[in-house]
Amino acid sequence: MNDVPGGPGPRDEGPPGTAASLGLVRGRELTVALLRPIGAAVVLLAGYFLLPIDKESDLNYLGLVVGAALLIAFCVWEVRKFAGSDRPVATAMEMLVALAGFYIVAFATTYFLFSEYVPGSFNASLTRIDALYFCLTVFTTTGFGDIAPDSQGARVAVSIQMASTLLLLGLGVRFLNLLVNQRRQATGR
């Protein structure tokens, strides 16, 4: 039985090795498992673009506190969802999508704040779009070279993102491997 409020009710476990017993999802559950973290990422992006975190704003400290609270609430929500889940595959997929959204918004915010509060951190002053663009070029390992970190702090942040990208991609590959193996077990192929 699922103890998570609003979650699905009791489920038929089915015989061992079936899709039901492995926690695989289909149809509507799969759609919800993808849409929920995408919706959360949209909220995080909206916060990134709308919160007053720039240096000139009179409310920048309030914006930083609200932004940090949003990120913490997002992490707590995901951990609680995972801990109370009776569908481990769907929850793992959900967490991976959510983690990618969180990761991109957190690093884009870091780069924007470096550019705003520590002038000279990058070879150009970054707008929020520039910071998001730079974050995505690092994340995808494209690295066009039009924006580059110049200060030691910015280089450390970019280095952390590069190393953690490898971890995130490794988690994604591992998750796909588990999904394929569980699907094979369920279908007997």
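Is Ser115 buried or exposed? With a relative accessible area of 12%, Ser115 is buried (under 20% relative accessible area; exposed is over 50% and partly exposed lies in between, using a 1.4 Å probe and protein chains only).

## Ground rules

This is a predicted model, where local features need pLDDT of at least 70 and side-chain atom pairs count only at pLDDT 80 or more, while totals for chains, interfaces and linings use all residues. Residues are numbered from 1 along each chain as its sequence is written, and side-chain values use heavy atoms, with hydrogens and water left out.

## The main core

Tyr48, Tyr111, Phe122 and Phe134 touch the most other members of the largest nonpolar core, which has 28 residues. A core here is a set of buried Ala, Val, Leu, Ile, Met, Phe, Trp, Tyr and Cys residues joined through side-chain atoms within 4.5 Å. At least two residues each come from α2 (27-50), α4 (88-117), α5 (128-139) and α6 (152-187), with α4 giving the largest share, nine residues. Helices are DSSP runs (H or I, at least four residues), numbered from the N terminus.

Apart from this core lies another, of five residues, including Val89, Ala90, Met93 and Phe175.

## Around Phe122

Setting aside neighbours within four places in sequence, Phe122 is in contact (heavy atoms within 4.5 Å) with Tyr111, Phe114, Ser115, Phe134, Ile147, Ala148, Pro149, Asp150 and Ala154. Ser115 itself sits in helix α4, and beyond its own sequence neighbours within four places, its contacts are Phe122, Ala124, Ser125 and Leu126.

Ser121 belongs to the loop between α4 and α5, yet it counts as buried at 1% relative accessibility. Not counting residues up to four places away in sequence, Ser121 touches Phe114, Ala148, Pro149, Asp150, Ser151 and Ala154. A polar atom of the Ser121 side chain also lies 2.7 Å from the backbone oxygen of Val118.

## Thr140 and its partners

Over in the loop between α5 and α6 we find Thr140, partly exposed at 43% relative accessibility. Its side chain makes a polar contact of 2.7 Å with the side chain of Thr142 (N or O atoms within 3.5 Å; within protein, one must be able to donate a hydrogen and the other to accept it, and residues adjacent in sequence count only if both atoms are side-chain atoms). A polar atom of the Thr140 side chain is also 3.5 Å from the backbone oxygen of Thr137.
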